[in-house]
Amino acid sequence: MSFMDANQLIKLSENCYWSPSDEAIVQDNITELLPVTMTKLIKFFVENHDRPISSVDIFFAIWDDYEKEYNAKNVRNLISSLRKKIPLININNYYGGRYVLKKYRDNTPDISDYLIEILDQAKNGMIITDPNISDNPIVFVNEAFTEMFGYLPEEVIGRNSRFLQGEDRDQPALDKIRAAIKEEKDITVTVRNYTKEGQLVYNELSISPIFDKKTERIKYFLGIEKNVTAIQDIIKKIKAIV
Ligand SMILES: Cc1cc2nc3c(=O)[nH]c(=O)nc-3n(C[C@H](O)[C@H](O)[C@H](O)COP(=O)(O)O)c2cc1C
C-alpha cells in the first residue's frame, strides 16, 4: 500500500487509519471526522511524513490567517490533543522545536547484517557523511560510487565530497546545497563533477539529513548520486539546434 495514495487508507497506528479521500480517521472500521484544526494537522503530517517540520511551518499550515501571530503553545497543545486522540501515533519531537510523523511499518525485518551488501548492490552512488566531525567528511561510499567516479573508498573517506567538483567551483547549485545542509533539509540538485580521470559527470545529487532516533539530533547526511550525463548531452545538442 502506498503511503500517499489518496484512495487508500494510511496506517497511523495499530487499528487506526487516515482516509485521505474522506479526510477522516478510521478506527475499528468506524469513520470519524475530527475538528478542522486536527484534520489539517494530520493532513500536513501525512504529506510530510518522516521529515521533521518546524513548529512555525505547522502553525501557518493550520492557522493560515497571516494576520495571526505565531504561537508555539497553540502547536504544542494541538499535537498533545492529537496524541490523546490517537495514543499510538508516532510523532517524535525533534531538536530545535520540530516534529515528525514516523511512517507506520508492519513487521520490519532485521536487515542490519545485510545493510552494506544492500547499499553495495544499489545502482546509484551513495555517500554517507558525518556532520559531527569537522568539515562533514565522507565516512562511507558504496560500490556504485566507485564505478561512477573511479575513486576507491580509502581514497575518499575522511574528505569532504566537494573534491568531486575539482576546479569547477562556480556552480549556483552549491549555494542551495550549503543552505540545505545548514537547515538540515533534503535537497536535489544537479552538479558538475569529475571522475578520477578528469571526465565530466553531471550528477543528480539528492542529500538527506539522517537524525538519531534517541537524541533526535543530526547524525549523518546521505547523498545519492545519479549519473545524468547522457540526458545533459542530449539537452545540449537540442539547445545547439534551436
Ligand atoms: C551526503 C553528502 C553528499 C554529497 N555529495 C556530493 C557529490 O556527490 N558531489 C558534489 O559535488 N558535492 C557533494 N556534496 C556537497 C559538498 O560536500 C559541499 O557541501 C558543497 O560543495 C557545498 O559546500 P562547500 O562550499 O563547503 O564546498 C555532498 C554533501 C553531502 C552532505
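Predicted model: local features only at pLDDT ≥ 70, side-chain atom pairs only at ≥ 80, totals over all residues.
1. Let's start with a term: a salt bridge here is a side-chain nitrogen of Lys or Arg within 4 Å of a carboxyl oxygen of Asp or Glu. Between domain 1 and domain 2 the count is two salt bridges.

2. Residues are numbered from 1 along each chain as its sequence is written, and side-chain values use heavy atoms, with hydrogens and water left out.

3. Where are the domains? The assignment puts domain 1 at 10-101 and domain 2 at 112-241; such bounds come from an automatic or database domain assignment. The C-alpha centres of domain 1 and domain 2 are 33 Å apart. Seven residues from domain 1 and six residues from domain 2 make the contact (heavy atoms within 4.5 Å).

4. Now for the area buried between domain 1 and domain 2: about 640 Å², with 46% of that given by carbon and sulfur atoms. Buried area is the accessible area (1.4 Å probe) that two parts lose on being put together, summed over both. On the domain 1 side, Y94, Y95 and R98 supply 64% of the area buried against domain 2, more than any other three residues.

5. Next, the ligand. It is surrounded by 22 residues, and the closest are N160, R162, Q165, R178 and N193 (near means that a heavy atom of the residue lies within 4 Å). R162 has an N or O atom in its side chain 2.8 Å from an oxygen atom of the ligand. For R169, a polar side-chain atom sits 2.9 Å from a ligand oxygen atom, and E225 also has a polar side-chain atom 2.9 Å from an oxygen atom of the ligand.

6. Finally, go back to R162. It forms a salt bridge with D135, with the closest N and O atoms 2.9 Å apart. Why look at this pair? R162 is in the loop between α6 (153-156) and α7 (173-183), and D135 is in the loop between β8 (125-129) and β9 (138-141), so the pair ties together parts 27 residues apart in sequence. Helices (H or I, at least four residues) and strands (E, at least two) are DSSP runs, numbered from the N terminus.

Note on methods
Polar contact = N/O pair within 3.5 Å; in protein donor to acceptor, adjacent residues only side chain to side chain.
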